[in-house]
Amino acid sequence: MSETIHDQYQKAAAINRSRQKYGTIAEIGAGQETARWFFRVGGAAGTIAKTMSAYDMTFSDAIYGSAPRYVCRERLQAMLEVEYNLLLERLATTRGSDTTFFAFANTVSARSYSHKKDGQGWLGIRFQTQPNQPPSRIELHVNLHGKSNLQDQETLGLLGVNLIYGALMLHEDPTTLLSSLQDNVHADQAELDMIDFSGPAFARVDNRLMALQLVEQGMSDAAMFTADGRVAQVADVLWQRPVLIERSRFRPPTHLTVDLLEKTRQTLTRENDIDDSKLVVLAEMTLNNLCEEDGECVDASDFLNRADILAALGMNVLISNYGEYYRLAQYLFRYTRQPIAIAMGLPSLYELFDEKHYEDLSGGILEACGRLFRHDLRLYVCPMHDQTNGNFIGLDQFRPAENLQNLLAHLKENGYIHGLESIPTEYLKIYSHEVLQELQAGNKQWESSVPENVTELIKSKRLFGFATE
């Protein structure tokens with residue numbers, strides 16, 4: 001089968017003509033737009049065993065079991081489980097030896113007349129790649145930005161066909177499969193912020209790399225995975241919880257990286273009476289952080305090296321395309337109104353007060369600050385070591401451009417920016433690029449600059465080009 005098909009009509013027709021792929025399509029929340037494509041192109045009798053849409057909650061519960069929410073991953077998984085098992089129960093004996101079965105499902109909350117807000121939902125497919133073999137699975141979450149219910153329905157139909165075609169025809173090349181999900185789906189109407197591959201067809205797929213590719217390919221501005229390596233839907237992790245986030249290259253994480261986060265956590269929880277168990281701690285890497293200073297982006301293995309180390313530190317990872325902090329803040333505000341803390345060094349504050357970053361905003365840096373500090377967000381800033389004279393510069397010594405000094409004073413006086421003075425001075429003298437150079441040159445001095453468990457992981461797995469003397 002050609003991998004150059006991008007049109008949904010052609011994709012549905014190709015599946016219908018195959019005659020060896022047979023399954024069920026179950027859709028809840030935005031019509032039966034995916035199934036419609038297969039009937040529209042003709043020949044659906046050779047592909048579709050059943051289509052259905054159980055909108056009534058009592059009917060839905062009777063079929064799939066009760067659920068606290070009807071648009072959630074658990075409901076999607078229940079739908080896939082029931083529909084796939086029914087296929088095997090009813091058809092495996094008569095046609096299982098020469099048929100690969102699949103079950104596609106979605107559960108969606110689309111824009112409607114009564115709910116004038118963006119929709120969101122879950123789509124998934126469970127499918128065989130060979131007859132009588134265990135199934136593989138793809139599950140994804142989509143945020144819908146259509147201006148009408150009809151737009152959301154059309155988007156879901158296009159995305160559904162793309163997912164079914166990708167799973168059945170492109171599963172041997174997950175990167176191409178991922179890219180094909182965008183075919184004719186407008187980026188301003190649908191954002192895929194999570195995708196999870198599992199099963200024998202994807203035994204060699206690392207879902208953390210798939211999360212990275214969601215952002216790299218422009219399907220989403222951010223994606224997340226947890227400390228245990230599982231991809232996560234952002235809303236499930238952040239919803240109405242306090243957040244602490246640190247942006248860095250993490251190549252590698254140093255004592256300064258870790259202590260800055262810990263000191264910020266202590267200050268944030270103490271000042272806001274926050275239950276530490278409720279706090280979500282995120283290590284954020286932007287696409288820019290994943291590239292070298294000369295603009296060359298790092299390879300997959302380097303990215304996974306960083307992910308493994310952050311996992312050893314027990315940290316969740318957010319990959320984003322938000323170069324400006326105000327854009328990161330707006331993203332977090334989608335999911336929580338609880339306190340948000342951004343931990344940073346003084347060099348990052350200099351960048352934040354550089355007006356060249358806000359030339360595309362009509363209100364310039366004032367508009368950026370309005371967006372950044374719109375809700376309960378605060379910056380916690382540690383001092384920096386000036387290598388030219390050996391002095392330490394803290395928030396009290398920070399001087400932006402003269403025309404911005406009153407703005408800085410306003411933000412400090414109103415508690416939007418806090419200085420962290422408790423970071424040990426020996427940590428402030430650690431520079432990650434120097435640590436990396438020592439590590440790669442076989443100079444053991446680097447070991448004193450990073451946490452012990454990070455040192456052991458780098459040495460045991462020979463990460464970041466580790467070299468012995």
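**Arg126, the cysteines and the overall fold**

A polar contact of 3.0 Å joins the side chain of Arg126 to that of Glu81; a polar contact is a pair of N or O atoms within 3.5 Å, where, within protein, one must be able to donate a hydrogen and the other to accept it, and residues adjacent in sequence count only if both atoms are side-chain atoms. The model is predicted, so local features need pLDDT of at least 70 and side-chain atom pairs count only at pLDDT 80 or more, whereas totals for chains, interfaces and linings use all residues. Residues are numbered from 1 along each chain as its sequence is written, and side-chain values use heavy atoms, with hydrogens and water left out.

Arg126 belongs to strand 4, which spans residues 119-127. Strands (E, at least two residues) and helices (H or I, at least four) are DSSP runs numbered from the N terminus. With a relative accessible area of 11%, Arg126 is buried; buried means under 20% relative accessible area, exposed over 50%, and partly exposed in between, with a 1.4 Å probe and protein chains only. Leaving aside residues up to four places away in sequence, Arg126 touches Leu80, Glu81, Tyr84, Phe101, Phe102, Ala103, Pro135, Ser136 and Arg137, where contact means heavy atoms within 4.5 Å.

The cysteines come next. The structure holds zero disulfides, a disulfide being a pair of cysteine sulfur atoms within 2.5 Å. Cys369 is accordingly in no disulfide, and the nearest cysteine sulfur, that of Cys382, is 20 Å away. Cys369 is buried, at a relative accessible area of 8%. Cys72 is also buried, with 3% relative accessibility.

Gly370 lies in helix 13, residues 364-372. Its relative accessibility of 43% makes Gly370 partly exposed. Between the C-alpha atoms of Gly370 and Arg40 there are 50 Å, and 330 residues separate the two along the chain.

For the protein as a whole, the secondary structure comprises 17 helices and 16 strands. The radius of gyration is 25 Å, which agrees with the value near 23 Å that a compact globule of 469 residues would have; the radius is taken over C-alpha atoms, and the globule rule is 2.2 Å times the number of residues to the power 0.38. Along the principal axes, the C-alpha atoms fill a box of roughly 80 × 55 × 40 Å. Of the 469 residues, 54% are buried. Among contacts between residues at least 6 apart in sequence, 73% join residues at least 24 apart.
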